[in-house]
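Please open the structure in your viewer and keep the selection tool at hand.

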Amino acid sequence: MPLYLGFDCSTQGLTAIVIEIDRDTRRVVFNQSLNFDRDFPEYGTNGGVIYGVDGEVQAPPAMWADALDRMLATIAQSAELEVDDLRAISGSAQQHGSVYLNPRAQEVLRTLNPARKLAPQLSTIFSRAHSPVWLDASTGKQCREIADALGGADRVAALTGSPPCERFTGPQIRKFAVEQPTAYADTARVHLVSSYLASLLAERDAPIEPGDGSGMNLMDLRDQQWSLQALDATAPDLAARLPPIRPSWEIFGTLSPYWQRRYALPAAAMVPWTGDNPSSLIGTGIIRDRVVAVSLGTSDTVFALTTEPGGPSSHVFRAPTGDFMNLVCFRNGSRAREQVRIDYGLEWDAVARLLEKNPGNDGRLMLPWLEAESTPHVAHAGLRRFGFDRFDGERNIRGLIEGQMLAIANHAAAVAGAIDHVIVTGGASVNRAILQVMANVFGVDVYRLDVENSAALGAALRAYHAERLADGEAISWKAVVSGFTDPQPGHRVSPNLKHVAMYAELRRDYAMLETLHRDRAPIC
Ligand code: XUL
């Protein structure tokens, strides 16, 4: 039976999902994850990243390569899989992060020794040892410079889909080019995390896919090509350093001889990798109107498909369907939830009981900005509590989770108009008590999916879609996702009508507090 493999290289780990699709069968046959901190302690990461000074957050690209190698070994050895049937591979990765390769990289990739591990063979290919990732908030100056050069932040948003944002790749590249000009001069290729990992599988430069390219402040959102104006405003000779942008479904190579020999894998078709959010759009199956997806992960994101860009959305990306997607991203996601839970010494089931015990927290609100926040822009980290103090554990925990859900529901208005229901994905989507708060706050049904990692599932589904197209079958997206993403009644959490009106009032109060406490001159 044909198999399709999808990866997701998120902030904290690498997941792989294999799906089996035939006329009457559609099922997930492999679903495993590696955690960077736990499984690769030698890289010294904390939550998959390394915090530096002044808002810098980076990760070692060699660690991602190591994880890819270990995961492919697991897949090849899995007793449940007939790996010879692997037809196509795609993937997704945390968005915005960038990998810098020197001129020797091409040759090294072409001559990898299949008897040896991948990561040590890559030790000479990086012109920058560590990659800046989406949590990096150190490029405010570069954002302002890019905005000035292009005629203002609104102009940049109209051109690229987003105003200049600290975590976006363009401002990050500019900072590197200005602060480390020698290393920049030694850079032959700047990849996204997604296209870097795809290149490692194909042993050649993989293209950038438009969904992930939209998170760079460098791509013309309309024609899905590099904007020469944006490149010029960012760094010298950048055009020569970027891979081409190619359609999401255009097969660009095959799994390379290195992997074929190393793990006896077939020459499966390679489909461009995208960002985790565009991939989740497919993996949650939200390919129609009036539904939004909420991803509760390291970042919390809210997104929806749209055929025309517009509305007051914070970001507009291209979607892997060829349409557009609106998205807002909250920096304070699962790390904030986890930290507050640990601070008050509670297990998750105790947190669930607290949430159920007193919905609405007696009207006590918290702005949940444990770390600097991106929606809305808040540079100065710190929880803001209203009507309680830090010693009140119950109110702190409820305040944080309710605050996050109020923010998500309020900002969802920038993503989609009327919403019939919400699809939730990501690690915290298994937590029913959190989903109950979400349903009460949104006032509509919330569904969780069978597969928690919708980005990896989306990647496997994109691999299937591209392989079918290449085979001459004009398959629709509805047919692609069917059987994998259909909301199940058993996974529905309905709003408790007793609480909906109360939360509607809290949403207004929360919005007011947010306006008072957000940064006056937002960057993004
Ligand atoms: C989206 C964003 C995050 C990352 C990490 O703009 O920055 O969601 O993709 O998952």
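This is a predicted model: local features need pLDDT of at least 70, side-chain atom pairs count only at pLDDT 80 or more; totals for chains, interfaces and linings use all residues.

Residues are numbered from 1 along each chain as its sequence is written, and side-chain values use heavy atoms, with hydrogens and water left out. Helices (H or I, at least four residues) and strands (E, at least two) are DSSP runs, numbered from the N terminus.

**First stop: two helices**

Select helix H2, residues 61-77, and helix H9, residues 193-202; the two pack at an angle of about 50°, with their axes 11 Å apart. Axes here are lines fitted to C-alpha atoms, for helices over the stretch in contact, and angles run from 0 to 180 degrees between N-to-C directions. H2 is therefore oblique to H9; angles under 35 degrees count as roughly parallel, over 145 as roughly antiparallel, 65 to 115 as roughly perpendicular and the rest as oblique.

Now display the side chains. On H2, the contact (heavy atoms within 4.5 Å) is made by Pro61, Ala62, Trp64, Ala65, Leu68 and Leu72, and on H9 by Val193, Tyr196, Leu197, Leu200 and Leu201. The residues of this contact of H2 with H9 divide into eleven nonpolar, no polar and no charged. Ala, Val, Leu, Ile, Met, Phe, Trp, Tyr, Cys and Pro count as nonpolar, Asp, Glu, Lys and Arg as charged, and the others, Gly among them, as polar.

Select strand S16, residues 300-306. Seven of its seven residues are buried, where buried means under 20% relative accessible area, exposed over 50% and partly exposed in between (1.4 Å probe, protein chains only). Asp300, Val302, Ala304 and Thr306 point one way from S16, and Thr301, Phe303 and Leu305 point the other way.

Which strands pair with S16? Strand S15, residues 291-296, does so in the antiparallel sense over four bridges; two strands pair if DSSP finds at least two bridges between them. S15 and S16 form a hairpin with three residues between them. Strand S18, residues 324-330, also pairs with S16 in the antiparallel sense, over seven bridges. Valine 302 of S16 is the bridge partner of valine 294, and valine 328 in S18 is the bridge partner of valine 302.

Move on to S18, which is largely enclosed by the rest of the structure, because seven of its seven residues are buried. Its leucine 327 stands opposite phenylalanine 303. S17 and S18 form a hairpin with five residues between them, and glycine 322 in the turn has a positive phi of about 100°.

Select S4, S5 and S8, which form an open sheet in the order S4-S5-S8 with antiparallel pairing. S4 (50-51) and S8 (131-132) stand at the edges with a single partner strand each, so one side of each is left without a neighbour in the sheet. Within this sheet, glutamine 58 in S5 is the bridge partner of isoleucine 50.
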